[in-house]
Amino acid sequence: MEQIYLKFFGKDDLISRMAFLNQFHLYTCKTPQSPQQFLYFIYVNYIIHELKAHALVEWSWLLLRKFGRGGSVEEEQASRAAYKRRTEGTLPKIKVLMSQAERSVWRCDPQKHQSGITYEEVNRLLQGYVENEVDLNSDGACNHDCGYYNSAKNEGCFDNKFCSEQPKCTGGVHDCRFVESSMQICQAEKNSSRRYEFIKYESGLVHGNEKPCASWLTSAKSWNRWLFMECSYCLCLCDDQSPSTCVL
């Protein structure tokens with residue numbers, strides 16, 4: 001055990017070099033433990049082996065004495081002193097190294113990510129959603145502005161306007177705001193996790209990545225009721241509850 005002690009904790013100081021190299025995530029991510037746990041594991045295993053070796057030596061002295069072939073008292077005392085010196089010398093060093101080691105556990109990034117295996121994907125969580133205020137209240141009224149609908153839900157589809165040309169938000173509608181009265185909306189493909197590809201307003205403002213619309217381009221324009229009351233289209237967040245909103 002003296003040679004092992006010198007290799008790890010003595011002149012070779014292998015434990016310090018292992019502690020240093022084990023701080024790099026390139027190595028630690030391959031093991032399900034932190035650098036600090038790694039040092040503790042090494043220390044515990046070393047102490048157990050040290051104890052087993054010492055117990056075996058003590059048992060050997062006892063057995064030899066029983067058959068009248070025991071060694072000198074000086075040899076036994078020297079063996080016990082060496083055991084005490086080694087065990088007492090390892091604890092302070094391992095404490096210092098463990099206090100400096102990271103306690104974070106890292107996982108290596110896979111070479112190729114696979115949905116459902118290396119990551120999970122949540123679809124249609126709080127997506128942008130265009131809806132007219134007339135469909136955000138049960139009265140079918142336009143008495144408020146878009147900012148009033150901080151927490152609402154779809155209550156219908158008045159006169160089969162733009163609402164009939166897009167998938168209904170089946171969950172909560174939140175944080176509505178007015179942007180502009182007239183817009184063009186490129187809706188996403190049916191098998192897409194997106195709701196819209198882009199929204200382009202009359203002023204030229206664009207939300208999303210404007211490109212040739214591969215699906216269908218629809219228009220939405222705020223309209224007046226009784227000349228003086230405008231029913232505005234609002235840009236909201238849809239917390240959808242449909243089957244398409246799921247973890248893939």
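In β6, Val206 is the bridge partner of Lys200. The model is a predicted one, in which local features need pLDDT of at least 70 and side-chain atom pairs count only at pLDDT 80 or more, while totals for chains, interfaces and linings use all residues. Residues are numbered from 1 along each chain as its sequence is written, and side-chain values use heavy atoms, with hydrogens and water left out.

**Exercise 1.** Starting from Lys200 and Val206, determine the order of the strands in the open sheet that contains β6.

Solution. Strands are DSSP runs of E with at least two residues, and helices are runs of H or I with at least four, numbered from the N terminus; two strands pair if DSSP finds at least two bridges between them. Three bridges join β5 to β6, and these strands run antiparallel. Extending the pairing gives the order β6-β5-β4-β7, a sheet of four strands with antiparallel pairing. Its edge strands, β6 (206-208) and β7 (216-221), each pair on one side only. The twist from one strand to the next averages 15°, where axes are lines fitted to C-alpha atoms, for helices over the stretch in contact, and angles run from 0 to 180 degrees between N-to-C directions.

**Exercise 2.** Describe the open sheet that contains β10, and explain why β1 and β2 each have a side without a neighbour.

Solution. The order is β1-β10-β3-β2, with antiparallel pairing. Because β1 (125-132) and β2 (151-153) stand at the edges with a single partner strand each, one side of each lacks a neighbour in the sheet. Inside the sheet, β3 (residues 172-177) is joined to β10 (residues 233-239) by four bridges, and His174 stands opposite Leu237 in β10.

**Exercise 3.** Which residues have the most contacts inside the largest nonpolar core, and which element gives the largest share of this core?

Solution. A nonpolar core is a set of buried Ala, Val, Leu, Ile, Met, Phe, Trp, Tyr and Cys residues joined through side-chain atoms within 4.5 Å, buried meaning under 20% relative accessible area with a 1.4 Å probe, protein chains only. The largest such core has 27 residues, and those with the most contacts inside it are Val130, Met183, Ile185 and Ile199. Its largest share, five residues, comes from β10.

**Exercise 4.** How are helices α4 and α5 oriented to each other?

Solution. Helix α4 (residues 35-66) and helix α5 (residues 73-100) pack at an angle of about 175°, with their axes 11 Å apart. The two helices are therefore roughly antiparallel, a label for angles over 145 degrees.

How values were computed: Buried means under 20% relative accessible area, exposed over 50%, partly exposed in between (1.4 Å probe, protein chains only). Angles under 35 degrees count as roughly parallel, over 145 as roughly antiparallel, 65 to 115 as roughly perpendicular and the rest as oblique.
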